[in-house]
Amino acid sequence: MKKKLLSAVLVLTMSATLFAGCGSTDTETTETTDATETTDATESTDGASAEGTLKIGGIGPTTGDAAVYGQAVENAAQLAVDEINAAGGVNGMMLELNFQDDEADAEKAVNAYNTLKDWDMQVLMGTVTSTACIAVAEKTAEDNVFQLTPSGSAIECITHDNAFRVCFSDPNQGKASAQYIGENSLATKVAVIYDSSSVYSTGIYETFVAEAANQGIEVVAAEAFTADSNKDFTVQLQKAKDSGAELLFLPIYYNEAALILAQAKTISFAPTFFGCDGLDGILAVENFDTSLAEGVMLLTPFAADAQDEATQNFVTAYNEKFGGTPNQFAADAYDAIYIIKAAAEKAGITADMSASDICDALKTAMTEITVDGLTGSGMTWTADGEPNKAPKAVKIVNGVYTAM
Amino acid sequence: MKNKFNKQTKDNLITYGMVIAAFIIMQILLSMGKVSSLMEGLLVPLCTYVILAVSLNLTVGILGELSLGHAGFMCVGAFSSALFSKCTEATITNSGIRFFFAILVGAAVAAVFGILIGIPVLRLKGDYLAIVTLAFGEIIKNFINVVYLGRDSKGFHFSMKDTMSLNMEADGEVLIKGAQGITGTPNDSNFIVGIVLVLVTIFIITNLVNSRTGRAVMAIRDNRIAAESLGINITKYKLLAFSISASLAGVAGVLYAHNLSTLTALPKNFGYNMSIMILVFVVLGGIGNIRGSIIAAVILTLLPELLRGLNDYRMLIYAIVLIAMMLFNWSPKAIEVKEKISTKFRTSCKGKKEV
């Protein structure tokens, strides 16, 4: 009897939640229709250009292991949206950002995407991590929603024509690194330590090795670690040292790189260290002796210490509002919002257009615009969604990033 | 005896009825277009988690062994079936038939792994068994993370290092790409198939429980020595229950893999976190109680999504709700109070009837 009662209650709650969900959608839809009606009314009366709000959805991990990246993206995107709104919006139309958590998980990302769809999202800025991005890209292609990922760097993230990205793709970074090392003849014998459980790291590693052969670079050691064993690197470092490498390539994130630098010192292994954009942020690691990072080179589109005005303003505004120094993810997201703005202005988007119409208009506009952002000046896009921008190499000198 | 049988049949019928009713309600709402996209997107995952919870209940509730490696079997089912679907996408064009075979492949491979792992593991008892299954689940996940498999005109290439060492021809296609897993699995899962699989799972497990085999399995759970003295082959029955449970988890994996276009073995979806999540469904719903597992799986999957409005506090609230639900369901005091209320309710009902 007790169990029956309990199950009856639970079934009731279940169906109640289902209906509650439906109810809220109903009201939302009516609200939007009201909103569009009012926009229509204003437009017909005074014939003014588009007003109202453009709804931008964001997806990224704001909880869990990758929360640092998701929060940076959320904060920076919000900052950009606030700035644009304060300056009068896009063609007089305000922007509204709704950022949903995906815990860096493909399934949760699809749920987040569906939540945003219920919110009547018109443009998607996301997702932050590659795996989640691939899953969501499949859905946006199905629904024909414009998608701009700030940091989804795997190739598959933008296979469909509605998806574009702000950051470099993984293969691009590996290739650029190998070319940079080859062209500047930094070394001929290179060792690599990479994270075999990370899509980002393996992606860069593979293209690096492929391009290294063309550049006359010999990869003398390639040592892997996984997310479960990312604390002790002495074995990998010892092997790299024994192989006689002149340069150690680290296509990994900065927290592991900080440990590697410290452990390399203890076995007195001092090659040139070279990394990608994942290394950005290494100087901000807590209790990290920055003198260890002296002479480390990295290819990154963004350095928070850069002296140009745009970067300085962004870093100050970010610090005032959220505290802390923004990383490269934040810069990508900040650029992403401005790219959406530029494309929307080019295409003449109005707030009453449907997501699908906006997508078609933005797809063409994206290939026609040129954006000067924090992560590169004169960025352009091809129809396949890849950005065209020059990677910047920086070197850490006296504890600050210095352009090379 | 007859009375008891009837009660059990009635109980099972309520379970089937509940699932079918939920299905019909959802179908009606879907056809009326009154379901939010979030809810629509959650339908297949809900079926996946229900199958997982029900199948784990066979190991934990009926067999009485604590298994913490259930996500490992799901992982095996997911990867084997996704690989099958990717390989046969060109040859079997009918997605229904292809998915049917994918389910069989996933279930079979997971069952084989269940037997392989069960042979050494089921010699242990209690905590030891739990820890060893936990380790096996992690091994499966980590193994899949280093597998590289490609296919070209010469056949399959396998490596555990990287894609370059596959040495493929120019026309080659990388099927499993280490940590990047399998991308581009056809989207064959849908709600109807999910519900059918849920019903099949419930059918298999309830029938197993009420059969001669099920009674033998439960006898082992209740008193191993007594069961052995009656001539029950302990290893055989334990292995049987364990591998059936594993193969059903594999089926859930198939559903999972064909719902998303990307499949990676992360700690998040196939690690011990997931195993424990499934165990939470079972414990909350009541160990050995099939219907309870279904309800718990549905509620706990929906809850974090319905709490999205709370933003950053979502996971905190989720944890608090979980604790509150556990206390409400299983603390002795709460059970006492609930019993008191239900007896009062019953006596007052009886009183009214008599009047």
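This is a predicted model: local features need pLDDT of at least 70, side-chain atom pairs count only at pLDDT 80 or more; totals for chains, interfaces and linings use all residues.
The contact draws on 54 residues of chain B and 49 residues of chain A. Together the two chains bury about 4,500 Å² between them, and 59% of this area lies on carbon and sulfur atoms. Of the area that chain B buries against chain A, 13% is supplied by Gln180(B), Lys268(B) and Arg308(B), more than by any other three residues.

On the side of chain B that touches chain A, the elements giving two or more residues are helices H1 (2-32), H2 (37-62), H5 (126-144), H10 (267-270), H12 (290-306), H13 (314-330) and H14 (332-354) of chain B. Classified by residue type, this side of chain B comprises 25 nonpolar, 16 polar and 13 charged residues.

Helix packing within chain B was examined for two pairs. Two packed helices are described by the angle between their axes and the distance between the axes. For H2(B) and helix H11 (residues 272-285) of chain B, the angle is about 75 degrees and the axes are 9 Å apart. H2(B) is therefore roughly perpendicular to H11(B). From H2(B), the residues Tyr49(B), Leu52(B), Ala53(B), Leu56(B), Asn57(B) and Val60(B) take part in the contact, meeting Met274(B), Ile278(B), Leu279(B), Phe281(B) and Val282(B) of H11(B). The residues of this contact between H2(B) and H11(B) comprise 10 nonpolar, one polar and no charged.

In the second pair, helix H7 (residues 212-222) of chain B packs against helix H9 (residues 234-257) of chain B at an angle of about 110 degrees, with a separation of 10 Å between their axes. H7(B) and H9(B) are therefore also described as roughly perpendicular to each other. Here Thr213(B), Ala216(B), Val217(B) and Ile220(B) of H7(B) meet Ile234(B), Tyr237(B), Lys238(B), Leu240(B) and Ala241(B) of H9(B). Seven nonpolar residues, one polar and one charged make up the contact of H7(B) with H9(B).

Over all chains, the count of salt bridges comes to 15. One salt bridge joins the side chains of Lys117(A) and Asp143(A), with an N to O distance of 3.1 Å. Lys117(A) belongs to helix H3 (residues 106-118) of chain A and Asp143(A) to helix H4 (residues 130-143) of chain A, so this pair ties together parts that are 26 residues apart in sequence.

Two features of the backbone of chain A were also identified. Most residues other than glycine have a negative phi, and most peptide bonds are trans. The peptide bond from Gly126(A) to Thr127(A), however, is cis, with omega near -5 degrees. Thr127(A) is placed in the loop between strand S3 (123-126) and H4 of chain A. Glu103(A), although not a glycine, has a positive phi of about 55 degrees. Glu103(A) is located in the loop between strand S2 (94-101) and H3 of chain A.

Notes
Residues are numbered from 1 along each chain as its sequence is written. Chains are lettered from A and ligands numbered from 1 in the order in which they are written. Side-chain values use heavy atoms; hydrogens and water are left out. Contact means heavy atoms within 4.5 Å. Buried area is the accessible area (1.4 Å probe) that two parts lose on being put together, summed over both. Helices (H or I, at least four residues) and strands (E, at least two) are DSSP runs, numbered from the N terminus. Ala, Val, Leu, Ile, Met, Phe, Trp, Tyr, Cys and Pro count as nonpolar, Asp, Glu, Lys and Arg as charged, and the others, Gly among them, as polar. Axes are lines fitted to C-alpha atoms, for helices over the stretch in contact, and angles run from 0 to 180 degrees between N-to-C directions. Angles under 35 degrees count as roughly parallel, over 145 as roughly antiparallel, 65 to 115 as roughly perpendicular and the rest as oblique. A salt bridge is a side-chain nitrogen of Lys or Arg within 4 Å of a carboxyl oxygen of Asp or Glu.
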